[in-house]
Structures are given as structure tokens and as C-alpha cells.
Amino acid sequence: LYCVGDEVEVPAHDWVGVYKVGWSSPKNDYFTFVWSPPTPSEGTEQSVSFAPRYLPKDQEFYQFCYVTKVGDIRGVSSPFQIRNDYFSDDDIVCVELEDEAADVVLVQTRERRAREQETESRLADLQPPVASLQVAEEDWKERTEVLKQQKHKLSEEKDRACAQIAEIESKIASYLQEIDLLRKEKAKAVDQNQQSVKMVADIE
């Protein structure tokens with residue numbers, strides 16, 4: 001099963017081929033191929049299938065490739081192995097339009113496409129929690145910015161307080177020096193006064 005955009009016209013003689021990994025020529029190195037039907041008049045879904053008897057019987061790695069009639073590659077699948085013990089006609093090829101602007105198609109098996117759809121569904125289920133986490137992250141960033149501003153403001157206030165404390169301590173040290181000087185001058189004056197009193201007493 002594959003889908004193409006409404007604006008993409010699939011001409012006759014495009015094909016989906018099975019190529020062994022390491023191929024070099026899309027026109028010559030295919031193991032088998034099926035023609036891709038032209039674009040339907042209604043809808044965009046088409047399908048191609050491979051009969052098991054035409055597929056490789058070894059355990060080498062192969063790829064599906066969507067090839068235009070002029071030999072241009074429009075889509076390449078991931079490498080895979082064909083297990084003949086369980087391969088059946090129900091295992092058909094899925095080809096999906098990957099990039100409409102570039103006119104590119106993606107070739108896949110049904111099993112791989114089912115796994116990808118399951119993954120996409122799980123990712124879609126995770127979208128609401130992810131959105132909530134993004135909101136919480138933005139809130140955390142805003143709170144962090146506010147805390148940074150508050151920290152900067154407190155740091156500036158601390159610096160000013162430290163400067164004021166240093167200034168006060170300097171003044172206290174100066175006052176203590178003046179007090180010590182006054183005490184010495186007072187002691188000197190007292191000593192001189194006592195000497196004067198003694199001299200007067202001796203004269204008398």
C-alpha cells in the first residue's frame with residue numbers, strides 16, 4: 001500500500017523493486033520488481049505486492065526501492081532480511097509519500113509501518129505530559145531569574161553593609177587612639193601638678 005499527494009502524477013512504468021544491499025544501478029541490479037499502477041482518478045492510495053516465489057531465498061539484506069521509468073530513485077527502504085519460513089502474500093509493500101515538496105516516497109513493509117504507527121501513537125500520547133513539562137520548565141526559569149535578581153540585590157546590600165562596618169570600625173579605632181592620648185596627657189598633667197605642689201611645700 002502506498003500514498004501519493006494529489007499534485008504528484010505517477011506515470012506508467014514506474015516500479016517498486018527489490019535490491020540487494022550494495023546495488024549500484026537501479027535499472028540493472030534489481031532482484032525482482034513490480035510495476036507501479038498510474039495515479040488513480042479518485043483517492044491517493046495504491047498497492048503493489050510481491051509473490052513469495054519471486055523473492056530472494058537467501059538470508060542476505062535487501063531494500064525496496066521506488067524507481068521512476070527513467071531510472072530515478074524516489075524512495076529507499078531500510079535494509080531487511082526475507083525470512084522464507086513465514087513470508088506470505090499478506091506481507092505486501094507499503095510506499096508512503098515522505099516529502100511532498102521534494103516528491104519523495106518512502107518504501108516500507110507492512111510490519112515496519114505498523115511498528116512506526118505504534119511509535120507515533122505513543123509519541124502522541126506523550127504530548128500532553130511534554131507540554132506540561134514545558135510549562136513547568138518556563139515557570140522554573142522565571143522563578144530562577146527572580147531568585148538571581150534577589151541574590152544580586154542582597155549581595156549589593158551586603159557589600160554596602162560591610163563597607164559601613166569597616167568605616168565604623170575605623171572611626172572607633174581613631175576614637176580609641178584619641179582617648180589613649182588624652183589619658184596620657186591627663187596623667188602627665190597630674191604628675192606635673194603633684195611636682196608643683198611638692199616644690200611649694202619645700203619652699204615653705
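**Calls and cut-offs in a predicted model**

Me: What makes E167 count as partly exposed?
Reply: The relative accessible area of E167 is 46%, and the scale calls a residue buried under 20%, exposed over 50% and partly exposed in between, with a 1.4 Å probe and protein chains only. E167 is therefore partly exposed. This is a predicted model, in which local features need pLDDT of at least 70 and side-chain atom pairs count only at pLDDT 80 or more, while totals for chains, interfaces and linings use all residues. Residues are numbered from 1 along each chain as its sequence is written, and side-chain values use heavy atoms, with hydrogens and water left out.

Me: Why is the meeting of E167 and K171 called a salt bridge?
Reply: The term asks for a side-chain nitrogen of Lys or Arg within 4 Å of a carboxyl oxygen of Asp or Glu, and the N to O distance between the side chains of E167 and K171 is 3.7 Å, so the pair qualifies. K171, at 43% relative accessibility, is partly exposed. In general terms, side chains of opposite charge can pair when their charged atoms come close.

Me: How many salt bridges does the structure hold, and what makes E137 and K141 one of them?
Reply: The structure holds 5 salt bridges, and for E137 and K141 the N to O distance is 3.7 Å. These residues, too, lie 4 apart in helix α1 (residues 110–203), about one helical turn from each other. E137 is partly exposed at 41% relative accessibility, and K141 is partly exposed with a relative accessible area of 41%.

Me: Which label, exposed or partly exposed, does K184 receive, and which does D180 receive?
Reply: K184 has 54% relative accessibility and therefore counts as exposed, whereas D180 has 38% and counts as partly exposed. K184 and D180 form a salt bridge, their closest N and O atoms being 3.5 Å apart, and in helix α1 these residues are again 4 positions apart, about one helical turn.

Me: How do you know which elements the protein chain contains?
Reply: Helices (H or I, at least four residues) and strands (E, at least two) are taken as DSSP runs and numbered from the N terminus. On that basis the protein chain has 1 helix and 9 strands, in the order β-β-β-β-β-β-β-β-β-α from the N terminus on.

Me: How many aromatic pairs does a search of the whole structure find, and why is the pair of W15 and Y30 called edge-to-face?
Reply: The search finds 10 aromatic pairs. W15 and Y30 lie 6.5 Å apart centre to centre, with 65° between the planes; W15 belongs to strand β2 (residues 14–20) and Y30 to strand β3 (residues 30–36), so this pair ties together parts 15 residues apart in sequence. Rings of Phe, Tyr and Trp (its six-membered ring) pair if their centres lie within 6.5 Å, and planes under 30 degrees apart count as stacked, over 60 as edge-to-face and the rest as tilted. W15 is buried at 8% relative accessibility, while Y30 is partly exposed with a relative accessible area of 32%.

Me: What makes the pair of W15 and W35 edge-to-face?
Reply: The ring centres of W15 and W35 are 6.2 Å apart and the planes stand at 90°, so the pair is edge-to-face. It links distant parts of the chain, with W15 in strand β2 and W35 in strand β3, 20 residues apart. W35 is partly exposed, at a relative accessible area of 48%. Ring pairs link W15, Y19, W23, Y30, F33 and W35 into a cluster.

Me: Where is the place of T68, and why does T68 count as buried?
Reply: T68 sits in the loop between β5 (61–67) and β6 (73–76), and its 7% relative accessibility puts T68 in the buried class. Leaving aside residues up to four places away in sequence, T68 touches H13, D14, W15 and R74, contact here meaning heavy atoms within 4.5 Å.

Me: How many disulfides does a search of the whole structure find?
Reply: The search finds 0 disulfides, a disulfide being a pair of cysteine sulfur atoms within 2.5 Å. C65 is buried, with a relative accessible area of 0%, whereas C162 is partly exposed, with 42%.
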